[in-house]
Every structure is written in structure tokens, then in C-alpha cells.
Amino acid sequence: MSDQIKKYLSQSTHASPLAVFRILFGLLMSFSIIRFWYNGWIEKLYLLPDFHFKYFGFSWIEVPPDALCYLLFITCGLSALFFAVGFKYRIAIIVFFLSFTYIELMDKTTFLNHYYFVSVISFMLIFLPAERYFSFDAYINSNNATEYIPRWSIDILKAMLVIIYVYAGLAKLNYDWLINAMPLAIWLPSKVDIPIIGTLMSQSWMPHLFSWGGAGYDLTIPFFLMCKKTRVLAFMVVLFFHILTAILFPIGMFPYIMIAATLLFFSAN
């Protein structure tokens, strides 16, 4: 067993999938901060309320005064842009992780599970060689540039995606989701004004189709992505699923982050 582990840890792979993920993830997070500012959510969610609910153990985290709060978001957005292009990558990703997580912890009522996902992924990226290829850091310091990186540095991100999908699928295996089609039976009828597909949302069978389809998707899609023969078709399903999710439900950048992350399953070619 130890020999197999050593053999695996010594394996290398091309760095381009990790570089592509770094770029897309950074750009999406930078856009997310801009979107948050543009919609006035900084003021509405953090500056105007007199009271903020705290996470257990993080009651010491406070919302900064007006100017400093905006500076916090600027820092977060710029650090995302910096690590996307691979400029001062290690500093940028650390600053992004700290600033984004601080923002996440300022008020418990703003929680979305993909915020936690972003914090975990950005923390993992601190220790991965994502700046070694196709980055300003690699261009400036050629001694630090390489086309090949340890295989585990990509596989560990794939493993995180598998955990997310499988856990989401297992969480759906309950009576309310599968039999009562809740909460989709409440959500979908409110989407009848969506062009083209809106008329389908009022059909009684649609919530059950979405419920069973969602559970099946989550439990199987990572394994189809891992198989070379089914990968392209699986990616098309990923595109359809997450774009439809983005249209139907206001869950921010998460669908697009998952689409970008799915590219990690593809080979460098």
C-alpha cells in the first residue's frame, strides 16, 4: 500500500487544467464581487442593518465601518483578479481566502452553501502550484515555471467536486424531496412567466421530474465525468443542468463556478 501511495504521489500531469481553473475561478469571483456591489447588497445586507447574526465561535467578527467595508470588498475583488492572472499568486490567493471568508462570516443570514465551497476551494488553492503555468508569475520568474505538476494537485480538486455532488445527491434521498417533491412543488409554479419553458412549470408532474432528476444527476454525474467515454456527453448535461438552475433559481455564481470546475476532469489536450 505504501509503495502504491508513493508511486501515485510521484506521478505528474500537465498543468493546463489547473491553470484554466485558476483563471476561470478568479474571474468569476471578481465578477461576483462587482455584481454584489452593483446590486447594492453591501449597503443593504451589511451597512444598513443594526443587528447581524453571528456564527458560533465567530462573534468577534464585526462589519467594518462604511468606507472600510467597501475597501474589504475591493480587496477581495482585486485579489481574485490577481490570482486569476497569476500575479503575486500566493499572496493574492491568501488575501482572497481571508477577505472572502471574513465577508462570509460577517452575517449568518447571508449564508449560501456555495460560499462555504468557495472558502474551502480558495484555501486549498493556497497550497497548489496553480501559478506555475500560463501566469504572470511564471513569465516573470521562469525558474518557477513548469508545464508539469503533481497529479494529486488536480485530483484533490476533483475529489472535492465528487464529494459535493454525491453529498448533494444523498441529501435528496428523503420522503419530502422524492415523494412530496418539496420544495420544488412550491418553487416551480412561480416560474410560469419564464419564456419558452414557463408553461411547463405549472404542470403537476414537473416538480417530481426535477426532484428525481436532480437526485439522479448529483449521484451519477461525477462518475460519468471521470469516464473518458462519457465525459463529453456528461459535460453537456452539466451545462444544461447548471444553466437551467441559474435561470430558475437565484443562487448567484454557483452554477457557473461548477461549470468551470467541471473542466478539471478533462485532459490537458
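Me: Helices here are DSSP runs of H or I with at least four residues, strands are runs of E with at least two, and both are numbered from the N terminus; with that settled, where is K88 found?
Reply: K88 is found in the loop between α4 (66-85) and α5, and its phi is positive, about 50 degrees, although K88 is not a glycine. For orientation, this is a predicted model in which local features need pLDDT of at least 70 and side-chain atom pairs count only at pLDDT 80 or more, while totals for chains, interfaces and linings use all residues. Residues are numbered from 1 along each chain as its sequence is written, and side-chain values use heavy atoms, with hydrogens and water left out.

Me: OK, and what is the mean pLDDT of the protein?
Reply: The mean pLDDT, which is the predictor's confidence in each residue on a scale from 0 to 100, is 95 for the protein, and 100% of the residues reach 70 or more. Confidence is lowest in helix α1 (residues 2-9), with a mean of 89, and highest in α5, at 98.

Me: Which peptide bond is cis?
Reply: The bond from M182 to P183 is cis, with omega near 5 degrees, and P183 sits in the loop between α9 (175-178) and α10. As background, most residues other than glycine have a negative phi, and most peptide bonds are trans.

Me: New topic: how many disulfides does a search of the whole structure find?
Reply: The search finds 0 disulfides, where a disulfide is a pair of cysteine sulfur atoms within 2.5 Å.

Me: What about pockets, and what volume has the largest one?
Reply: The largest pocket has a volume of about 1400 Å³. Among the 37 residues that line it, A168, K172, D218, F241 and F254 are the closest to its centre. On a 1 Å grid over the protein atoms alone, a pocket is an open set of points with protein on both sides within 12 Å along at least five of seven lines, a cavity is a set where a 1.4 Å probe fits but cannot get out, and lining residues have an atom within 4 Å of a point. Grid points are joined across faces, edges and corners, and the volume is the space filled by probe spheres set on the points.

Me: Which helices supply at least two residues of that largest pocket's lining?
Reply: They are α6 (113-125), α8 (152-171), α10 (184-187), α11 (206-226), α12 (231-248) and α13 (254-262). By class, this lining has 29 nonpolar, 6 polar and 2 charged residues, with Ala, Val, Leu, Ile, Met, Phe, Trp, Tyr, Cys and Pro counted as nonpolar, Asp, Glu, Lys and Arg as charged, and the others, Gly among them, as polar.

Me: And which residues lie nearest the centre of the second largest pocket?
Reply: R35, F36, W41, L112 and Y115 lie nearest the centre, out of 22 lining residues, and the volume of this second largest pocket is about 410 Å³. Its largest share of lining, 5 residues, comes from α2.

Me: Last one: is α13 mostly covered or mostly open?
Reply: α13 is mostly covered, with 8 of its 9 residues buried, and what covers them includes α2, α6, α8, α11 and α12. Y256, also in α13, is partly exposed at 37% relative accessible area. Leaving aside residues up to four places away in sequence, Y256 touches L28 and A246, contact being heavy atoms within 4.5 Å. In the segment after α13 comes S267, which touches P17 and R231 on the same terms.

Technical notes
Buried < 20%, exposed > 50% of the residue type's maximum accessible area, 1.4 Å probe, protein only.
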